[in-house]
Amino acid sequence: MESFRFDSGSLEETEAFLSEAYTPMRIGGRPEDARARVARNEAAGLVSDRLEFGYTMAYDAGCLNRICLVTVHAGSFADTTGGGERLFGPGETFLLAPPDRPYRGEVRSARYTITMFDPGLLAEAAVTGGGFRGPVRITGQRALDAAARRRLGSAVAYVRDQVLGGPGEVGELVAASAARHLAAVALASLPSTVLADGAGSTDGRDAHSDTLRRAMAFVEENANRDIGLADIAAAVPVTPRAVQYAFARHAGTTPLAYLRRVRLARAHEELRASDPHTVSVASVAARWGFAHPGRFAAAHLREYGVPPSGTLRGDPRRAGRG
């Protein structure tokens with residue numbers, strides 16, 4: 001994982017830093033206190049930045065070429081791209097700008113989080129088999145409704161606090177899986193060309209037990225790889241919605257929940273077979289895509305009735321549970 005910190009009271013230094021870290025831009029303002037602070041954590045193309053400006057900073061920036069989600073914690077944002085003014089305040093998570101378009105506005109004494117990922121992940125979440133085949137774009141800045149806003153904010157917070165902000169090194173599989181998950185949540189929570197197109201008419205018909213069987217087999221054979229819903233659907237092949245419907249209808253779960261369950265089982269098997277003097281629970285958890293050791297331990301305890309450390313030490317209570 002890569003990280004850096006920036007702390008300066010110079011507008012010139014701040015402009016140069018922001019232009020290098022994001023996209024070429026011009027900033028302005030006449031603050032009494034020009035202090036700006038930025039802290040970045042990044043892994044596998046997934047970026048989480050914490051920023052704080054104690055003054056009103058105007059910006060005029062070029063294309064980001066990344067999906068950029070902003071979560072406002074204090075203060076406000078005013079987007080003036082294309083004329084007019086759209087205000088975003090504390091508690092909101094929104095799309096800063098389309099990745100291929102310049103943007104402008106003001107940061108008004110704000111403390112906020114920026115989360116960025118490759119826009120190509122949106123297409124991976126939407127385009128497979130006989131599903132949506134048009135250009136995949138997010139078409140609006142604000143979430144569709146209150147539930148979508150909470151869902152998007154929670155996904156960003158998970159990436160910020162648990163994946164990129166947690167203790168220890170972040171594995172590539174963990175970061176890549178989190179980026180795919182965030183892309184899928186963003187696509188489902190914000191207006192997009194996919195939602196405008198609507199669900200395919202064949203999704204329901206394709207959600208049969210054979211689809212479930214094929215999808216489960218693919219997950220079980222590839223659980224050690226960086227796979228997501230789009231990969232599962234392409235392997236069947238049907239649309240992502242058909243895969244989701246098949247899991248809900250015939251298994252009472254979701255494809256990604258099943259993937260986590262398979263990975264948990266593989267991690268459990270590895271713990272059982274490992275030497276506790278040379279292997280740690282944290283390393284096994286990270287290898288199977290579990291970013292947060294506490295959550296991994298809780299999931300393992302629920303499933304197997306013993307903490308993962310007990311399985312690694314050969315706790316007899318695990319007998320008959322896996």
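## Helix 10 and helix 12

The axes of helix 10 (residues 255-273) and helix 12 (residues 293-304) come within 11 Å of each other, and they cross at roughly 85°. Helix 10 is therefore roughly perpendicular to helix 12. On the helix 10 side the contact involves L264, A265, A267, H268 and L271, which meet F296, A299, H300, E303 and Y304 of helix 12. Seven of these contact residues are nonpolar, two are polar and one is charged.

The model is predicted: local features need pLDDT of at least 70 and side-chain atom pairs count only at pLDDT 80 or more, while totals for chains, interfaces and linings use all residues. Residues are numbered from 1 along each chain as its sequence is written, and side-chain values use heavy atoms, with hydrogens and water left out.

## Terms for helices and contacts

Helices (H or I, at least four residues) and strands (E, at least two) are DSSP runs numbered from the N terminus. Axes are lines fitted to C-alpha atoms, for helices over the stretch in contact, and angles run from 0 to 180 degrees between N-to-C directions. Angles under 35 degrees count as roughly parallel, over 145 as roughly antiparallel, 65 to 115 as roughly perpendicular and the rest as oblique. Contact means heavy atoms within 4.5 Å. Ala, Val, Leu, Ile, Met, Phe, Trp, Tyr, Cys and Pro count as nonpolar, Asp, Glu, Lys and Arg as charged, and the others, Gly among them, as polar.

## Helix 7 and helix 9

Helix 7 (residues 209-222) packs against helix 9 (residues 240-250) at an angle of about 105°, with the axes 9 Å apart. Helix 7 is therefore roughly perpendicular to helix 9. S209, T211, L212, A215 and M216 of helix 7 make the contact with A242, V243, A246, F247 and H250 of helix 9. By class, seven residues of this contact are nonpolar, three are polar and none is charged.

## The largest pocket

The largest pocket has a volume of about 800 Å³. Its lining comprises 35 residues, and those closest to its centre are Y158, L256, R260, R263 and G289. Two or more lining residues come from each of helix 2 (120-126), helix 3 (146-163), helix 4 (172-189), helix 8 (229-235), helix 10 and helix 12. Helix 10 provides the largest share, eight residues. The lining of the largest pocket consists of 21 nonpolar, six polar and eight charged residues.

A pocket is defined on a 1 Å grid over the protein atoms alone as an open set of points with protein on both sides within 12 Å along at least five of seven lines, whereas a cavity is a set where a 1.4 Å probe fits but cannot get out; lining residues have an atom within 4 Å of a point. Grid points are joined across faces, edges and corners, and a volume is the space filled by probe spheres set on the points.

Searching the whole structure gives one cavity of 30 Å³ or more. The largest cavity holds about 130 Å³ of space. Of its 13 lining residues, M25, L96, Y103, Y112 and I114 are the closest to the centre. Strand 5 (56-61) and strand 9 (103-117) each give two or more residues to this lining, and the largest share, four residues, comes from strand 9. The cavity lining has 13 nonpolar residues, no polar residues and no charged residues.

## Strand 9 and its partners

Strand 9 pairs with strand 4 (residues 46-53) in the antiparallel sense over six bridges; strands pair if DSSP finds at least two bridges between them. In this pairing R50 stands opposite T113 of strand 9. Strand 5 and strand 9 are also paired in the antiparallel sense, over six bridges, and D60 stands opposite R104 in strand 9. Strand 6 (residues 67-79) pairs with strand 9 in the antiparallel sense over 11 bridges. The bridge partner of F77 in strand 9 is V107.

## Backbone geometry

Most residues other than glycine have a negative phi, and most peptide bonds are trans. A44, although not a glycine, has a positive phi of about 50°, and A44 is placed in the loop between strand 3 (36-43) and strand 4. The peptide bond from V236 to P237 is cis, with omega near -10°. P237 belongs to the loop between helix 8 and helix 9.
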